[in-house]
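Visitor: I have a structure open and would like to go through it with you. Can we start with pairs of charged side chains?

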Amino acid sequence: MKKLNLPNKLTLLRVALVPCFVVFMMIESIFSSTALPRVISAILFIACALTDALDGMIARKNGQITDLGKFLDPIADKFMIISAMMAFCASSVYANIRVWVFIAGLVVVLRELAVTSLRLLMAGRQTVVAAALPGKLKTVTQTVFVAVAMLEPVVLPQSLAATYITLALMVFMTLYSGFCYVKHYWPVLTQEI
């Protein structure tokens, strides 16, 4: 059995960190008298996001792109973002944004299902659906939204302006990137085999 390379280890670390930041998000519901759990969850989430940037950079630089990495990396990204959004909806601390996060979460999940389905259909036609710039920007806006929603109440206790702005931007980029994938691959999909 082959050993895991560093990028794949970082991806697995990201998967392992997700339950950790979720636990701290939920702990804050119980111990809401302190912002410490929120700060710890934000630090763990940002560490997850950094491993996402780092694993791809290392894999490309060192020629360590593997099929396992191509499979695990996007799954780890989805696991990270969707878990954070579910925790926002479940935690009483985030009650003021719960409805909007729930709606945005539905958009995220439906977009991911659509793009994953597209990838599967295209794989059947021996066509790889490569990651594109709108998809990467979507991931960045999702990550920024989660970090801002975690930290804004600590930094600016009376404000949620940045949270709502980044939430709107995230929803826009999620929809736009999904539209770009479908538009680009639709002609190939509709061709007769």
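This is a predicted model: local features need pLDDT of at least 70, side-chain atom pairs count only at pLDDT 80 or more; totals for chains, interfaces and linings use all residues.

Visitor: Where in the chain do Glu112 and Lys78 sit?

Guide: Glu112 is in helix H4 and Lys78 is in helix H3, so to speak of the pair is to speak of a link between distant parts of the chain, 34 residues apart.

Visitor: Is Glu112 buried or exposed?

Guide: Glu112 is buried, because its relative accessible area is 6% and the cut-off for buried is under 20%. Lys78 has a relative accessible area of 21%, so Lys78 counts as partly exposed.

Visitor: Why do such side chains pair up at all?

Guide: Side chains of opposite charge can pair when their charged atoms come close.

Visitor: How many salt bridges are there in the whole structure?

Guide: A search of the whole structure gives seven. One of them joins Asp55 and Arg14, with 3.0 Å between the closest N and O atoms. Asp55 belongs to helix H2 and Arg14 to helix H1, so this pair ties together parts that are 41 residues apart in sequence.

Visitor: Are Asp55 and Arg14 buried or exposed?

Guide: Both Asp55 and Arg14 are buried. Arg14 also meets Asp77 in a salt bridge, at 3.1 Å from N to O. That pair links distant parts of the chain as well, with Arg14 in helix H1 and Asp77 in helix H3, 63 residues apart. Both Arg14 and Asp77 are buried.

Visitor: Arg14 keeps coming up. Which residues are joined with Arg14 into one network?

Guide: Salt bridges that share partners join Arg14 with Asp52, Asp55, Asp73 and Asp77.

Visitor: What about Asp52, where is that?

Guide: Asp52 lies in helix H2. Its relative accessibility is 15%, so Asp52 counts as buried. Setting aside neighbours within four places in sequence, Asp52 is in contact with Arg14, Asp73, Asp77 and Thr139.

Visitor: Let's turn to helix H3. What span should its residues have, and what do the end C-alpha atoms give?

Guide: Helix H3 covers residues 67-90, which is 24 residues. At 1.5 Å a residue they should span 34 Å, and the end C-alpha atoms are 35 Å apart, which agrees.

Visitor: Which residues of H3 are buried?

Guide: Among them are Gly69, Leu72, Ala76, Asp77, Met80, Ile81 and Phe88.

Visitor: And what covers the buried residues of H3?

Guide: The cover includes helix H1 (6-30), helix H2 (36-61), H4, helix H5 (133-155) and helix H6 (161-190).

Visitor: Now H4. How does its span work out?

Guide: H4 has 26 residues, which should span 38 Å at 1.5 Å a residue. Its end C-alpha atoms are 37 Å apart, which agrees.

Visitor: Which residues of H4 are buried, and what covers them?

Guide: The buried residues of H4 include Val101, Ala104, Gly105, Val107, Val108, Arg111 and Glu112. Their cover includes H3, H5 and H6.

Visitor: What about a nonpolar surface patch, which residues make it?

Guide: The patch is about 880 Å² and is made by Val99, Trp100, Phe102, Ile103, Leu106, Val109, Leu110, Leu113 and Tyr164. Its largest share, eight residues, comes from helix H4 (residues 98-123). Take Leu106, which is found in helix H4. Its relative accessibility is 43%, so Leu106 counts as partly exposed.

Visitor: Changing topic to rings: how many aromatic pairs are there?

Guide: The count comes to four. One of the pairs is Phe88 with Tyr94, which is edge-to-face, with 4.7 Å centre to centre and 75° between the planes.

Visitor: Are Phe88 and Tyr94 buried or exposed?

Guide: Phe88 is buried, with a relative accessible area of 0%. Tyr94 counts as buried too, at 2% relative accessibility.

Visitor: Which residues form one aromatic cluster?

Guide: Phe88, Tyr94 and Phe145 form the cluster.

Visitor: Last one: what about Leu36?

Guide: Leu36 lies in helix H2. With a relative accessible area of 52%, Leu36 is exposed. Leu36 and Val154 are 118 residues apart in sequence, while their C-alpha atoms are 9.3 Å apart in space.

Definitions and conventions:
Residues are numbered from 1 along each chain as its sequence is written. Side-chain values use heavy atoms; hydrogens and water are left out. Patches are made of residues with over 30% relative accessible area and no salt bridge: like charges are joined within 9 Å, nonpolar side chains (Val, Leu, Ile, Met, Phe, Trp, Tyr) within 5 Å. Accessible areas come from the Shrake-Rupley method with a 1.4 Å probe; for residues, only the protein chains shown count as cover. A salt bridge is a side-chain nitrogen of Lys or Arg within 4 Å of a carboxyl oxygen of Asp or Glu. Helices (H or I, at least four residues) and strands (E, at least two) are DSSP runs, numbered from the N terminus. Buried means under 20% relative accessible area, exposed over 50%, partly exposed in between (1.4 Å probe, protein chains only). The expected span of a helix is 1.5 Å times one less than its number of residues. Contact means heavy atoms within 4.5 Å. Rings of Phe, Tyr and Trp (its six-membered ring) pair if their centres lie within 6.5 Å; planes under 30 degrees apart count as stacked, over 60 as edge-to-face and the rest as tilted.
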